[in-house]
Amino acid sequence: MNDAAKQHTLRDQIYLSFDLLARPPPSIASAVAEQVVAGLTLILQQHRTIVRSQTEWNVVFALLRSTISHPEASRQSFDILSKLTIDGEETLVTPDNFVGLTNALDEFATAASIAVDAQQQGRRTQALTPAK
């Protein structure tokens, strides 16, 4: 097998792994969320060009969205998404990832809004409950 074929096979295996990691049962997802995001962060930092196609971006975004219910992992995932939007030497937002990036950011904003509403509702309930 030549080097190009090996690299293609390795890329396929990486994306199959990402896809599997994005869909475990909630209890497992919560237990490994921080490690998954840390690994994805490392891969994206060291191999920025590994994500090229719309399909690959969608798998990465699904993996990031899978961490939305875990407080620390979701913060790290949101940081990854935010860094994609920053204009630097190299534009990271492309036609292949624009829609997926926008949808992922929207989901994170919605989840944050729901969490803030729930927190404020809890404070209102505490304020209305008579002290014993």
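Is Phe108 buried or exposed? Phe108 has a relative accessible area of 7% and is therefore buried, where buried means under 20% relative accessible area, exposed means over 50%, and partly exposed lies in between (1.4 Å probe, protein chains only).

The model is a predicted one, in which local features need pLDDT of at least 70 and side-chain atom pairs count only at pLDDT 80 or more, while totals for chains, interfaces and linings use all residues. Residues are numbered from 1 along each chain as its sequence is written, and side-chain values use heavy atoms, with hydrogens and water left out.

The structure holds three aromatic pairs, a pair being rings of Phe, Tyr or Trp (its six-membered ring) whose centres lie within 6.5 Å, with planes under 30 degrees apart called stacked, over 60 edge-to-face and the rest tilted. One of them is formed by Trp57 and Phe61, which are stacked at 5.5 Å centre to centre with 25° between the planes. These two residues are four apart in helix H3 and so are separated by about one helical turn; both Trp57 and Phe61 are buried. The rings of Phe78 and Phe108 have centres 6.1 Å apart and planes at 45°, so this pair is tilted. It links distant parts of the chain, with Phe78 in helix H4 (residues 71-85) and Phe108 in helix H5, 30 residues apart; helices are DSSP runs (H or I, at least four residues) numbered from the N terminus. Phe78 is partly exposed, at a relative accessible area of 36%.

A search of the whole structure finds four salt bridges, each being a side-chain nitrogen of Lys or Arg within 4 Å of a carboxyl oxygen of Asp or Glu. Among them, Arg11 pairs with Glu56, the closest N and O atoms being 2.4 Å apart, and this pair joins helix H1 (residues 3-21) to helix H3 (residues 54-65) across 45 residues. Arg11 is buried at 13% relative accessibility, and Glu56 is buried at 15%. Arg65 forms a salt bridge with Glu107 at 3.3 Å between the closest N and O atoms, linking helix H3 with helix H5 (residues 98-128); here Arg65 is partly exposed at 25%, as is Glu107 at 36%.
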